[in-house]
Amino acid sequence: MQITSAQKHFFWLFFCVLCETFASSASGIQGIENMSIEIRHVTKHFGSFRALNDVSLDIASGELVALLGPSGCGKTTLLRIIAGLESADAGSILFSGADTTDVHVRERQVGFVFQHYALFRHMTVAENVAFGLRVKPRRERPSDAQIKAKVHELLSLVQLDWLADRYPSQLSGGQRQRIALARALAVQPKVLLLDEPFGALDAKVRKELRRWLRRLHDELHVTSIFVTHDQEEALEVADRVVVMNKGHIEQVGTPQEVWEQPASPFVYGFLGDVNLFKGRASGGQLQVGDWQIAAPEHADALDAEAMAFVRPSDLAVAPYVAGAPGLAARLDRALLVGPMARLELTPREHPGQILEAHLPSDEFRRLGVKEGDTVSVSPRKARVFLETADDPAAMI
Amino acid sequence: MSHSSAIAKRVRTTESPAVRWLLTAIALGFMALFLVLPLAAVFVEALKAGWSAYWDALKEPDALAAIRLTLITAAIAVPLNLVFGVAAAWCIAKFEFKGKAFLTTLIDLPFSVSPVVAGLIYVLVFGAQGWLGPWLAEHDIKIVFAVPGIVLATVFVTFPFIARELIPLMQAQGSDEEQAAQVLGATGWQTFWRVTLPNIKWGLIYGVILCNARAMGEFGAVSVVSGHIRGQTNTMPLHVEILYNEYQGQAAFAVASLLALLAIVTLVIKTAVEWQHEREMKATAELPPERPAS
């Protein structure tokens, strides 16, 4: 599956064509009616495994929300419950305030894009897109000519009208993905649900489609939820990110919020690389060995077990000077690919631990240190969490 | 690396010509001895006394009755097993439930039970001395030693063919497409007719062919429940046996040749189906994935 230059080209041209499509479209994809979603105390078990534990979440009309978490965290289960493909053991799902818990999946008017697309393999692309219209009850079913026009319109929207007569097996992964999206949009869904929409694609196509989905959403404004385990994807595409772990929601916020103010050690660890320092917190200070990190938010802690999280880019590296503040560490490896230098360091006091530090390559060269040298590291910024009953370090 | 050494290397990766010839000869010899020769013998024996004798043997009323009964039996058993098979395969492949493994084993039961035993089951249940015998006699319903018994025995013996063919296929396909159809608003029937059935079409046709071949050729189970009443409860295989036991070799082989012909036709249809399927697959093979320059 390659993205050709021609295809790249049309990604950039996409906006213009999209606008044209809307200007010329009579039946109107823009007529999609919008819907808010409320998830109320949803719980789901599979046998003895608790997939979802009392999950509540509000999604505003027209929002693009990412459900982010490691595999097995319950995000896909939640998506399937919203779609009506699974039923919750307890709790309810409200669409625009109306309880849909007992509404059958085919009445819910959701568009669902499956992880592996689930295109009908024995139908052409055009027949796939037309399916949702053809199975409507006779009195609601558009005429053949209307269906044909609609299919053409949708295939133009996803820029694949030239593939109308092909079969799914003849398409590349990225093309299948877009056909699956066109098929879901054909029935004018009020909610669009996408299960790992880019999971089965290679890195390059993934990036292009990500941008494409974001633009499509900006045009259609249909309430959308997508599931992903890729934090970069969630942070780049979504309006809001819902970080999930072990069947519950860890944090909900804009990409910036969850990145800058992770609510829990899990979120900190899941959204990017992190260095962990264990120590004891007392009076707003975390003591790690003979080294101190300010923790003003835990001013009232008294000799409590605590951990500090420091992003690799927040770890300052300087040439070692005996007696100066900071942690002495040996530079094991320096990766100098790209604009950032990625350093792997072993603290002198804790030889089992590996620290990661990222700094601009130029800055690293100015330090004048090489692999094997001893340097001094200190955190510019740290987030301190007191240890709770279940060991947060184990979750990362 | 010189050219000759590259060739020498390639030769070493396969067996010597003598071994290859030997293996091929054994395989072909075995096939000739156990498949081609008996099949040829059937037709040679059938036509030994000429075409008119062959034709007379088939025109004989008892033979015609046997042919008719065989066709009727297959016409009832195959559609029944078609419905049962699809339903069972659908259940097993698309749903998780308790006792699934047990049901799968149950479907295989007719394969593991001797056909004679299968026939005896029906005699024991429906026969004059059987469990339901007195009740059936009271209501004047004849099952054993009559057409219903033959159909029942045939249905039992041919039960696994279609289900067995479909289960792995449907399991491999998963239920994503059905779910997609449901989300798009399709009803259960629409999902079945428009999505499930087209996807299993080739496996289903293949299963029906095998099921039909066995339904027409079944001997053991049918023999037990039939009672061998000439012109009434004799199927073709039973008729062949009777003729053979009566030293009417030519007539026996004439009827047998019909069954052999059926087997050949079945194989031809099966090959045609596979060929058609392959052609369809090829038609959907690689085309350039890029937008044509315009």
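Predicted model: local features only at pLDDT ≥ 70, side-chain atom pairs only at ≥ 80, totals over all residues.
1. Largest nonpolar core. The largest nonpolar core holds 115 residues, and the members that touch the most others are A:A66, A:V129, A:A182, A:L193 and A:A308. Helix α5 of chain A, residues 173-186, contributes the largest share of this core, with seven residues. Apart from this core lies another, of 61 residues, which includes B:V42, B:A74, B:F161 and B:I162. As background, nonpolar side chains in soluble globular proteins tend to be buried together.

2. Surroundings of A:A66. When neighbours within four places in sequence are left aside, A:A66 is in contact with A:F226, A:T228, A:A234, A:V237, A:A238, A:V241 and A:V242. One of these contacts, A:V242, also stands opposite A:V252 in strand β10 of chain A.

3. Contact between the chains. Chain A brings 27 residues to the contact and chain B brings 21. On the side of chain B that touches chain A, α9 (176-183) and α10 (188-217) of chain B each supply at least two residues. The most comes from α9(B), which gives seven residues to that side. By type, the residues on this side of chain B are 10 nonpolar, seven polar and four charged.

4. Helix α6 of chain B. This helix covers residues 115-126, which makes 12 residues, and the distance from its first C-alpha to its last is 17 Å, close to the 16 Å expected at 1.5 Å a residue. Its buried residues are B:A118, B:G119, B:Y122, B:V123 and B:F126. Viewed down the axis of α6(B), these buried residues fall within an arc of 140°, so they line one face of the helix. They pack against four helices of chain B, namely α5 (100-112), α7 (133-138), α8 (147-173) and α11 (220-226).

5. Hairpin in chain A. Strands β9 (residues 240-245) and β10 (residues 248-253) of chain A pair in the antiparallel sense over five bridges. The two strands form a hairpin with two residues between them, and A:K246 in the turn has a positive phi of about 50°.

6. Open sheet in chain A. Four strands of chain A form an open sheet in the order β2-β1-β4-β5, with antiparallel pairing. At the edges stand β2 (49-59) and β5 (98-99) of chain A, each with a single partner strand, so one side of each is left without a neighbour in the sheet. Strand β1 of chain A, residues 37-46, is joined to β2(A) by seven bridges. The bridge partner of A:V42 in β2(A) is A:V55.

Note on methods
Residues numbered from 1 in each chain as written. Chains lettered and ligands numbered in written order. Core = buried A, V, L, I, M, F, W, Y, C linked by C-beta atoms within 7 Å. Buried ≥ 20, exposed ≤ 12 C-beta atoms within 10 Å, placed from the backbone. Contact = placed C-beta atoms within 7 Å. Nonpolar A, V, L, I, M, F, W, Y, C, P; charged D, E, K, R; others polar. Expected span 1.5 Å × (residues − 1). Arc of directions from axis to C-beta. Pairing = 2+ DSSP bridges.
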